[in-house]
Amino acid sequence: MPCELCELREYTQHYCRFTHPFRFTILECDSCGTPMAVLGEHRSEASDFERAFMVEALTVVARFRYGDGRFVMDEVMRQIPDHCHIHARPLPDWAH
Ligand SMILES: [Zn+2]
Ligand SMILES: [Zn+2]
């Protein structure tokens with residue numbers, strides 16, 4: 001069973017692709033329609049450094065997309081728990 005995130009990495013709309021200091025991609029999540037950072041390797045755990053770096057880069061994209069302070073980082077991996085990924089989700093209107 002191929003991993004959906006490993007495949008998504010190749011064909012969905014990309015915001016950017018990092019190769020250094022480690023590989024990860026920020027792309028549009030197919031099912032949520034929100035920006036999402038996906039680790040370049042198929043593993044569930046990112047180091048603290050990797051997680052912080054991905055959140056930082058994803059914040060830049062999410063700020064462009066939703067505006068300053070209008071999104072949250074969602075690190076819960078509901079559908080694909082074995083491949084590290086982080087969603088940036090827009091805050092609902094009532095939260096503004
Ligand atoms: Zn994977
Ligand atoms: Zn999603």
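Among contacts in the chain between residues at least 6 apart in sequence, what percentage join residues at least 24 apart?

Tutor: The model is a predicted one. Among contacts between residues at least 6 apart in sequence, 49% join residues at least 24 apart. The chain contains two helices and five strands, and from the N terminus on these elements run α-β-β-β-α-β-β. The C-alpha trace spans about 40 × 30 × 20 Å along its principal axes. A compact globule of 96 residues would have a radius of gyration near 12 Å, and the 13 Å of the chain agrees with this. Buried residues account for 24% of the 96 residues.

Five strands form an open sheet in the order 1-2-3-5-4, with antiparallel pairing. Strand 1 and strand 4 are the edge strands, each pairing on one side only. From one strand to the next, the twist averages 15°. Strand 5 (residues 85-90) is joined to strand 3 (residues 35-39) by three bridges, and in one pairing Val38 has His85 of strand 5 as its bridge partner. Four bridges join strand 5 to strand 4 (residues 71-74), and these two strands run antiparallel. Here the bridge partner of Phe71 is Pro90 in strand 5.

Helix 2 itself covers residues 48-66, which makes 19 residues. From its first C-alpha to its last, helix 2 reaches 26 Å, close to the 27 Å expected at 1.5 Å a residue. Helix 2 lies across strand 1, strand 2, strand 3, strand 4 and strand 5, and runs at about 160° to strand 3.

The buried residues of helix 2 are Met54, Leu58, Val61 and Ala62. What covers them includes strand 1 (14-18), strand 2 (24-28), strand 3, strand 4 and strand 5. When residues up to four places away in sequence are not counted, Met54 touches Phe24, Ala37, Ala46 and Ile86.

Tyr66 also belongs to helix 2. Tyr66 is partly exposed, because 17 other C-beta atoms lie within 10 Å, whereas a buried residue would need 20 or more. Leaving aside neighbours within four places in sequence, Tyr66 is in contact with Phe71 and Pro90, the residues already described as bridge partners. The C-alpha atoms of Tyr66 and Leu91 are separated by 8.8 Å, although these residues are 25 apart along the chain. Helix 2 is followed by Gly67, whose phi is positive, near 100°.

A further backbone feature concerns the strands that cover the helix. Pro21 lies in the loop between strand 1 and strand 2, and a cis peptide bond joins His20 and Pro21, with omega at about 10°. For comparison, most residues other than glycine have a negative phi, and most peptide bonds are trans.

Methods
Residues numbered from 1 in each chain as written. Chains lettered and ligands numbered in written order. Predicted model: local features only at pLDDT ≥ 70, side-chain atom pairs only at ≥ 80, totals over all residues. Rg over C-alpha atoms; globule rule 2.2 N^0.38 Å. Buried ≥ 20, exposed ≤ 12 C-beta atoms within 10 Å, placed from the backbone. Contact = placed C-beta atoms within 7 Å. Pairing = 2+ DSSP bridges. Expected span 1.5 Å × (residues − 1). Axes fitted to C-alpha atoms, helices over the stretch in contact; angles between N-to-C directions.
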